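Work through these exercises on charged side-chain pairs. Try each task before reading its solution.

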Amino acid sequence: MTDAGGRVGAVTSAVARQVRELRAARGWSFEELAGRSGVSKGMLVQIEGARTNPSVGTLCRVADAFGVNIARLLEPAEESTVRVSRADDAPVLWRGEHGGTARLLSGLGEPDLVELWDWRLEPGEAHHSPDHPRGTREVLHVLAGTVTVTVEGVDHEVRAGETVEFHADREHGYRSGGDEPARLVMVAVTPSGEWDRRTRSRGPRPS
């Protein structure tokens with residue numbers, strides 16, 4: 001098994017364990033989690049059985065339903081008050097058709113859900129994101145190249161050295177806006193609480 005394959009397997013196993021434990025702790029059936037997350041029951045069964053490598057969109061929906069961030073699904077909570085990690089060790093949760101990647105560098109769970117991402121987009125690559133839970137905001141800082149950020153159908157060109165901030169509780173996406181690769185760091189902040197996509201409402205996080 002290659003190192004990359006080993007990392008993918010470790011991520012798949014971690015997600016399976018965390019989803020299974022979070023669902024059991026709440027006493028939810030697969031049907032209940034499917035309704036809350038908008039992810040099919042069949043996909044959830046595959047995830048808990050560690051038989052699939054879910055997309056970043058699927059992970060977002062499942063994490064939102066539980067009221068946790070994606071980082072919580074990837075590894076157990078750390079007891080240490082200080083943690084140092086290498087970017088190369090961060091899981092790759094999205095791969096573009098031309099070699100681009102999105103790595104989840106870190107995540108915090110209290111009081112709000114905070115995620116730190118490292119995105120690399122090759123020319124011609126794009127990522128579309130569905131709406132996140134109400135109140136979610138994203139901040140992107142472009143380190144190199146040009147990124148076109150689309151929010152509700154409106155394009156915003158962001159160049160190297162520029163930062164864009166927007167409400168992410170609506171459809172949005174990013175694409176490389178030039179002939180050169182683009183790199184950006186992104187912070188996503190979501191108010192805590194379980195999110196039910198059936199009612200578009202938020203419940204308190206279990207204590």
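**Exercise 1: a pair across the chain**

Glu194 and Arg26 join their side chains in a salt bridge, with N to O at 2.8 Å. Locate both partners, then classify Glu194 as buried or exposed.

Solution. 
- Check the criterion: a salt bridge is a side-chain nitrogen of Lys or Arg within 4 Å of a carboxyl oxygen of Asp or Glu.
- Helices (H or I, at least four residues) and strands (E, at least two) are DSSP runs, numbered from the N terminus.
- Classify: Glu194 is buried, at 9% relative accessibility. Buried means under 20% relative accessible area, exposed over 50%, partly exposed in between (1.4 Å probe, protein chains only).

The model is predicted: local features need pLDDT of at least 70, side-chain atom pairs count only at pLDDT 80 or more, and totals for chains, interfaces and linings use all residues. Numbering starts from 1 along each chain as its sequence is written, and side-chain values use heavy atoms, leaving out hydrogens and water.

**Exercise 2: a strand-to-strand pair**

Which residue forms a salt bridge with Arg137?

Solution. 
- The partner is Glu165, with the closest N and O atoms 2.3 Å apart.
- Arg137 lies in strand β5 (residues 137-144) and Glu165 in strand β8 (residues 163-167), so the bridge ties together parts 28 residues apart in sequence.
- Arg137 is partly exposed at 33%. Glu165 is partly exposed at 39%.

**Exercise 3: the network**

Which residues are linked with Arg26 and Glu194 in a network of salt bridges?

Solution. 
- Glu32, Arg36, Asp196 and Arg198 belong to that network.
- The structure holds 18 salt bridges.
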